[in-house]
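Here's a quick tour of one protein model. Have a look at the fold, then read on for a helix, a few strands and the chain overall.

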Amino acid sequence: MCGIVGYIGDREAQDILVKGLSRLEYRGYDSAGIAIVNGHLGVRKKEGKIARLSEDLRGNGLSGKLGIGHTRWATHGPPNDLNAHPHVSTDGSFALVHNGIIENYTSLRDMLSERGYRFVSQTDTEVLVRLIEDVVAQTGLTLGKAVRQALSQVKGTYGIALVSTEDPDMLIAARKGSPLILGVGENEYFLGSDAAPIVEYTRKVVYLNDGELVIVRRRGFKVFSVDDVKLKKTIHELEWDLEQIEKGGYEHFMLKEIMEQPSALEDAMRGRLYTEEPFVQLGGLLDSLDQLRSADRIILCACGTSWHAALVGEYLVEAWARIPVEVEYASEFRYRNPILRQGDAVLVVSQSGETADTLAAVREAQRQGIPVYGICNTVGSTIARETEAGVYLHAGPEIGVASTKAFTAQVTILAQLALALAKDRSLEPTELSRIVAELKAIPSRITEVLETADAVEQIAKTFRYASNFLYLGRGVNFPVALEGALKLKEISYIHAEGYPAAEMKHGPIALIDRFMPVVFIAMKDSTYEKVVSNIEEVVARDGVVIVVTDAEEGELDHLCEHVIRIPKTHEMLSPLLTVVPLQLLSYHIAVLRGCDVDQPRNLAKSVTVE
């Protein structure tokens with residue numbers, strides 16, 4: 001949630017900040033603002049998207065070589081100019097931007113109000129600004145030490161950046177639960193919530209950990225712990241490049257990322273999947289595979305689309321490796337006092353590697369002494385650093401808020417993990433070899449599925465005005481029904497529900513009429529005849545059916561108004577193909593409805609607050 005950008009160096013800061021915010025806009029787009037130091041503190045902020053801020057700056061620009069910026073996803077107080085960041089001290093000497101939530105802001109605000117401080121916004125962030133002011137007034141500490149002391153009084157999560165007129169050669173940043181990255185250049189430094197605003201200028205970065213504060217000057221930086229111990233940090237090399245975070249000629253990032261899935265999945269398998277022994281080699285888990293193979297139970301924790309990928313993973317691991325699997329909502333995991341036992345293993349799945357709820361699940365499992373492994377896309381992310389071991393997706397940056405290629409890459413990694421666990425355990429070498437060959441062929445088969453895009457667009461034109469959708473699948477394609485419904489809800493704002501097809505008779509069938517499109521996944525597999533029976537039941541009630549299938553022409557063409565045919569593959573790998581037409585359907589419906597596909601209302605890409 002929200003995006004932070006900062007710059008200190010010898011270039012004009014305004015263009016760097018605004019460009020950086022535009023690259024972080026997928027993290028929050030309710031309002032945006034910048035603050036630049038140049039003898040005095042200049043601040044500009046606007047409700048709405050970055051374009052409104054850019055327009056305001058055209059005739060009202062700010063000059064200076066030190067600054068911070070913020071794009072907001074509102075938590076406390078509605079989106080407006082007053083609640084937009086940066087927030088400024090009473091005397092105008094410093095400005096601060098903040099991601100996260102100050103959970104004890106009400107009590108802090110009451111205390112500060114009693115001391116005579118006035119508030120102009122409804123945000124928890126302004127409370128932190130006044131708190132820092134108060135610490136300086138009460139103690140006379142330098143700003144860096146005052147920030148550290150103020151943060152010690154804060155409960156909740158934060159990523160902050162601060163600049164001051166009293167020291168125009170200093171940028172302060174700190175984090176707890178909200179990611180921050182420092183980009184290292186030649187006598188210049190760049191701050192970002194992720195790599196997007198940094199990669200154009202440098203590939204050298206320092207990842208800040210929770211409880212760390214950095215003081216950056218043009219000639220260097222120093223990192224301290226919350227208790228003022230100086231820390232030594234390693235400089236890492238970014239894997240991303242600038243081309244990966246541009247649209248590359250596509251109208252939307254979401255469409256680009258749908259179309260990138262063949263190459264993304266090839267990258268997710270490169271150097272890991274072989275058609276001969278050892279078949280699967282997941283380097284990040286090499287020393288942990290025996291522990292996972294001997295686990296009594298594997299618990300998969302995730303949120304949103306990653307949770308749907310984990311559900312597919314449950315089918316794969318249980319079918320191939322015969323290890324019991326449970327899938328948990330990470331957002332509920334720690335709050336229900338989970339029962340974990342020796343012999344369990346926890347595996348968390350997150351595109352960003354920064355999801356607050358998933359991180360909480362990591363820490364809860366570790367608190368109980370259970371080994372935790374991670375699957376994530378973002379190199380150097382908090383989950384990647386805090387778990388015992390794990391696997392990167394290597395799917396490349398995903399900018400569209402609605403996840404597409406990350407889902408298929410997660411399923412691909414989970415499929416490889418299931419095969420690695422199954423080796424010498426529950427799959428014969430010939431069967432293992434057959435599945436590996438099918439998995440390696442998936443990218444080319446997705447390319448074939450993408451050729452249905454025009455036909456899917458025509459279907460979208462028919463249903464663009466629908467108010468409700470029902471998505472139904474069985475077996476390993478039940479999670480795909482959930483994912484298809486989620487995609488439609490996220491970007492077109494049409495109500496949609498995903499169900500196991502057999503559960504339709506236990507309630508949802510009451511909704512069926514000629515105005516309710518029903519999307520079935522009916523692969524020619526062990527559940528096919530049952531799904532066809534479910535389709536018959538919908539048709540008998542005047543329902544309109546769209547079906548995704550690998551069946552040849554026949555009964556489905558007579559039963560269903562719209563048939564989307566995809567290539568055949570191994571039954572357990574079919575979600576990697578069946579989900580793609582559903583991604584395209586949601587995309588085209590959203591475009592036809594005039595929705596903001598890449599930045600749907602109320603959503604942000606990385607959920608770093610609870």
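How many residues does helix α11 have, and what does it reach from its first C-alpha to its last? Helix α11 (residues 356-367) has 12 residues and reaches 16 Å, close to the 16 Å expected at 1.5 Å a residue; the expected span is 1.5 Å times one less than the number of residues. Before going further, note that this is a predicted model, where local features need pLDDT of at least 70, side-chain atom pairs count only at pLDDT 80 or more, and totals for chains, interfaces and linings use all residues. Residues are numbered from 1 along each chain as its sequence is written, and side-chain values use heavy atoms, with hydrogens and water left out.

Helices here are DSSP runs of H or I with at least four residues, strands are runs of E with at least two, and both are numbered from the N terminus. Back to α11: it's mostly covered, with nine of its 12 residues buried. Buried means under 20% relative accessible area, exposed over 50%, and partly exposed in between (1.4 Å probe, protein chains only). Among the buried ones are Leu359, Val362 and Glu364. The cover over them includes β16 (297-302), β18 (344-350) and α12 (382-386), where contact means heavy atoms within 4.5 Å. Just after α11, Gly369 takes a positive phi of about 80°.

Now for strand β2 (residues 31-38), which is mostly covered too: seven of its eight residues are buried.

Zooming out, the protein chain has 20 helices and 25 strands. Its radius of gyration is 25 Å, close to the 25 Å that the globule rule gives for 610 residues, so the chain is as compact as a globular protein of that length. That radius is taken over C-alpha atoms, and the rule is 2.2 Å times the number of residues to the power 0.38. Along its principal axes, the C-alpha trace spans about 80 × 50 × 45 Å. Of the 610 residues, 62% count as buried.
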